2 protein chains.
Amino acid sequence: MSRDAAFTVVGGGLAGSLMAIYLGRAGHAVDVYERRPDPRLAGADAGRSINLAISTRGLYALEQVGLRDQVLAMAVPMRGRMIHATTGDLTFQPYGTRDQAINSVSRAGLNQLLLNAAEKTARVPVHFNQRCEVVDFEHGTITFASPGDEQTVIETGAIVGADGAFSTVRTQMMRRERFTYSQAYLAHGYKELYIPPAAGGGFRMDPNALHIWPRGGFMMIALPNFDGSFTCTIFWAFEGDNSFQNLTNEDDVIRFFTRTYPDAVPLMPTLAQDYFSNPTSSLVTVRCSPWHVGGRAVLLGDAAHAVVPFYGQGANAAFEDCVLLDQCLKTAPGDRAAAFTRFEQTRKRHADAIADLALGNFVEMRDRVASPTFLFKKKVEKLIHSIFPGTFIPLYTMVSFSRIPYADAVEKARKQDLFLKAAGLIALIGLLALVIAAARTLG
Amino acid sequence: MSRDAAFTVVGGGLAGSLMAIYLGRAGHAVDVYERRPDPRLAGADAGRSINLAISTRGLYALEQVGLRDQVLAMAVPMRGRMIHATTGDLTFQPYGTRDQAINSVSRAGLNQLLLNAAEKTARVPVHFNQRCEVVDFEHGTITFASPGDEQTVIETGAIVGADGAFSTVRTQMMRRERFTYSQAYLAHGYKELYIPPAAGGGFRMDPNALHIWPRGGFMMIALPNFDGSFTCTIFWAFEGDNSFQNLTNEDDVIRFFTRTYPDAVPLMPTLAQDYFSNPTSSLVTVRCSPWHVGGRAVLLGDAAHAVVPFYGQGANAAFEDCVLLDQCLKTAPGDRAAAFTRFEQTRKRHADAIADLALGNFVEMRDRVASPTFLFKKKVEKLIHSIFPGTFIPLYTMVSFSRIPYADAVEKARKQDLFLKAAGLIALIGLLALVIAAARTLG
C-alpha cells in the first residue's frame with residue numbers, strides 16, 4: 001500500500017483507538033501516535049480514574065467492532081438518578097424503563113481494552129511517548145517529539161486528529177486562514193474525590209444509580225466503579241460563594257462538606273487529603289470549523305467538539321463520530337476529501353446540539369432535579385411516552401437510549417414541549433368549562 | 001518614575017496611539033511598540049488606503065485630547081446612504097437630521113495624526129519595526145524582534161495590548177488557563193477597488209454619502225476620500241454564486257461588474273487590474289475574556305473585540321475604550337488590577353453588542369436597504385423621533401450619533417420596536433372599527 005493511502009491517528013485515547021480499529025478493519029494502513037506512555041505498562045489506577053457513562057450510541061459503535069459485551073462486562077449499570085437532599089433523604093428518578101441504563105465504566109479500563117483491540121485484532125501499531133508538535137498539511141508530514149525531545153518526522157496520507165479538547169492537530173489547523181474557532185470555559189471547575197468499597201467488599205451506596213447532591217448553583221455527583229468504590233466529583237465555581245477559593249485548610253473542607261453533603265462525609269475517609277492532593281480542573285466547550293483540511297486531515301471527538309460532561313455524552317459522541325467517519329470513507333472510496341466534507345456536513349450541527357445540551361444539563365443537575373415542577377414534568381412525559389412510545393419520547397431518552405441524531409432529538413423535543421403546553425392549556429380550559437358548568441347546575 | 005509604574009502599549013495603530021496619548025497626558029511613563037515601519041517615513045498611500053467612518057463616539061474621544069477639529073478637517077461628511085439600483089436609479093436615505101453625518105477619513109492619515117500627537121504632544125516614544133513575540137505576564141517582560149530577528153527584551157509595569165484583531169498579546173494570554181475565546185469568519189471576504197477623482201478634480205459621485213450597491217447576498221460600497229477619489233469595497237462570498245471564486249480573468253471581471261454594478265464601471269478605469277492586484281481579505285469577529293491579566297496587562301480595541309466593518313463602529317468602539325480605560329485608571333489610582341477589572345466589567349457587554357450589530361448590519365446593507373418595507377419602517381421611525389426626539393431614537397441614530405452604550409441602545413431599540421408593533425396593531429384595529437362603522441352607516 002502506498003504512503004498516500006495510509007492513515008495516521010494522532011491520539012490513542014478513546015476516540016483515536018476506536019477509530020484506528022475501524023480503519024484497520026476497513027483495510028487501511030494505519031498507525032496511532034500517543035503523547036503519553038502506554039497506560040497498560042504504567043499501571044494506571046483504573047479504580048480511581050474518571051468514569052464515563054456509556055449509553056446506546058457508544059454501545060452501538062462498540063458493537064460494530066465486536067467489543068460491546070466486553071465493555072458491558074466491566075461496567076456498572078445506572079438506572080436513574082439518586083438525589084441526595086441535605087436532610088439525607090433519597091429520591092430515585094429512573095432514567096427510562098426498567099431495562100434502560102447508562103453504564104459507568106472506567107476511562108482507563110476502556111482505553112486499555114480499545115488499545116488491545118487496535119493492536120491485536122486490527123493490527124494497528126501504537127507508538128507511545130510521541131508528542132505531536134507540527135503538522136504540515138501541504139506535504140502530509142507530522143513532527144513528533146519524544147519526552148527527551150528527540151524528533152521524528154513521519155509522512156502520511158491522511159491525519160486523523162483525535163487528540164482531545166486541547167488538540168495540537170486543531171491548533172495547527174487554526175494557523176491556516178479563516179478557521180472559525182471557540183473555546184468557552186465555565187466559571188465552574190471540578191475535582192474528583194473518593195468513596196472506597198465497604199469493609200467487607202461491596203458498595204456503600206446503591207450501585208445502580210448516578211448519585212447527585214444538587215445544591216443550587218453547585219453540586220457533587222458520584223458514579224459507581226466495578227470494584228465497589230465510587231468516584232465522586234464536585235462541580236463548584238472557582239471563585240465566589242461556595243467556591244474552591246473558599247476552602248483553604250482541612251478543617252474548612254470537613255466543615256463545609258458536613259454542612260453541605262452530610263450523608264456523604266462518613267463514606268469518604270480520605271476526603272480532606274483527597275481534596276488537597278487532587279487537582280481542580282476546568283470545563284471547556286470547543287467548537288470549530290472546518291473540521292478537515294481537504295482530504296489530508298480530519299478532526300474527531302473532543303478535538304472537533306469538546307463538550308462539558310453533564311449529559312454523559314462526550315465519549316458516546318466521539319464513538320458515534322467513528323461510526324460516521326467509517327461510513328463516509330466507505331461511501332466515497334478513494335476520495336478522502338469528499339468523505340471528510342460529508343462527515344463534517346452531516347455531523348457538525350449534531351455536535352453543536354450536544355454541546356448546548358451538555359451546558360443546559362448542568363443547570364438541570366445542580367438545580368432543577370430537586371424541584372417539584374421538574375419532577376412533575378418528568379412524570380407527565382413518562383406517562384405520555386408509555387401511551388405513545390413511538391411518537392412521544394422524552395429528550396433524555398432520545399439522547400441516551402436512541403441513536404436519533406442530537407439536533408433532530410432537540411427539534412423533536414421542542415415540538416413535544418409545544419404539544420405538552422397546548423395540551424395543558426386545553427385541559428385547563430376544559431376544566432374551567434367544567435367548573436363553570438357545575439357551578440351553574442348547582443347554582 | 002519606577003519601572004513598575006510604566007506602561008508599554010503594544011501596537012501603534014489607531015487604538016494604541018490614542019491610548020498612548022491618554023496615558024501620556026495622565027502623567028504615566030509610556031512607550032509604544034509597533035510591528036510595522038513608521039507610516040510617516042514609508043509614505044503610505046493615504047488616498048487609496050482603507051477608509052473609516054468616524055462618528056460621535058470617536059469624535060468625543062478625539063475631542064478629550066484636543067484632536068477633534070484636526071480630524072474633521074481631513075474628513076468628508078457622509079449624511080446618508082446612496083442606494084444604487086441595477087438600473088442606475090439612485091435613492092438617498094439620510095442617516096439622521098441634516099447636520100448628522102458620519103465622517104469618511106483615511107485610516108493612514110488618521111494614524112499619522114495620532115502618532116504625531118503621541119510623540120509631540122504627549123511625549124511618548126514610539127518604537128517601529130518591533131514585532132511582539134513573547135509576553136511574560138508574571139515578570140512583566142516582553143520580547144520584541146526586529147525585521148532582522150534581533151531580539152529585545154523590555155521590562156514594564158503594565159502592558160496594553162492594542163495590536164489588533166490578530167493580537168499577539170491576546171494569543172499569549174490565551175496560553176494561560178481558562179481563557180474564553182472565539183474567532184468567527186464570515187463566508188464573505190472583501191476587496192478594495194478604486195474610483196479616481198474627476199479629470200478636472202472633484203468627485204465623480206455625490207461625496208456626502210456612503211454609496212451602496214445592494215445586490216442581495218453580496219454588495220459593493222464606496223466611501224469618499226478627501227482628494228476626490230472613492231475607495232470601493234466589494235463584499236462577496238469566497239465560494240459559490242456571485243463569489244470571488246467565479247472570476248478568473250479580466251474579461252470575467254468586466255462582464256460581471258457591467259451586469260451587476262453598471263453605473264460604477266465607467267468610473268473605475270483600473271477595475272480589472274485592481275481586481276487582480278489587490279488582495280481578498282477575510283472578515284473576522286473576535287470575542288474573548290478575560291481582557292486582562294491582573295494589573296499587568298489589558299487588551300483594548302480590536303485585540304479585545306474585533307468586529308466586522310458593517311456598522312462603521314470598529315474604530316469608534318476602540319476610541320471609546322480609550323476614554324473608558326483612562327477613566328478607570330483615574331478612578332483607581334495605583335490599583336491597575338481594579339482599573340482593568342472595572343474596564344472589562346463595564347465594557348464587555350457593549351463590545352459584544354456592537355459585534356452582533358455589525359454582523360446584523362451586513363444583512364441590512366446588502367439586502368434590506370433596497371426593500372420598501374425597510375424604507376417605510378425607517379420613515380415611521382424618523383417621524384416618531386421628530387415628534388418625541390428625546391424618547392424615541394432610531395437604533396442607527398443611537399449607535400452613530402449618541403454615546404449611549406451599545407448594549408443599552410440595543411435594549412432601548414428592542415422596547416421601541418415592541419412599542420411600534422403595538423401601536424401598529426392598535427392603529428389597524430382602529431382602522432378596522434372605522435371601516436365597519438362606515439360600512440354600517442352607509443349600509
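**Helix packing and beyond**

Modeller: In chain A, helix H10 (residues 314-331) and helix H11 (residues 336-366) have axes that come within 9 Å and cross at roughly 140°. Axes here are lines fitted to C-alpha atoms, for helices over the stretch in contact, with angles running from 0 to 180 degrees between N-to-C directions, while helices (H or I, at least four residues) and strands (E, at least two) are DSSP runs numbered from the N terminus.

Colleague: Before we go on, what kind of model is this?

Modeller: This is a predicted model, in which local features need pLDDT of at least 70 and side-chain atom pairs count only at pLDDT 80 or more, whereas totals for chains, interfaces and linings use all residues. Residues are numbered from 1 along each chain as its sequence is written, chains are lettered from A and ligands numbered from 1 in the order in which they are written, and side-chain values use heavy atoms, with hydrogens and water left out.

Colleague: Back to the pair, then: how are H10(A) and H11(A) oriented to each other?

Modeller: H10(A) and H11(A) are oblique to each other, a term for whatever is left once angles under 35 degrees count as roughly parallel, over 145 as roughly antiparallel and 65 to 115 as roughly perpendicular. The residues making the contact (heavy atoms within 4.5 Å) include A:Leu324 and A:Leu325 of H10(A) and A:Phe340 and A:Phe343 of H11(A).

Colleague: And which helix does H11(A) cross at roughly 60°?

Modeller: That is helix H14 (residues 406-442) of chain A, whose axis comes within 7 Å of that of H11(A); H11(A) and H14(A) are likewise described as oblique to each other. Among the contact residues are A:His350 and A:Leu357 of H11(A), together with A:Tyr406 and A:Val410 of H14(A).

Colleague: Switching topic, what about the strands S3, S7 and S4 of chain A?

Modeller: They form an open sheet in the order S3-S7-S4, with antiparallel pairing, where two strands pair if DSSP finds at least two bridges between them. The edge strands are S3 (51-54) and S4 (76-78) of chain A, each pairing on one side only. S3(A) and S7 (residues 102-106) of chain A pair over four bridges, and the bridge partner of A:Leu52 in S7(A) is A:Val105.
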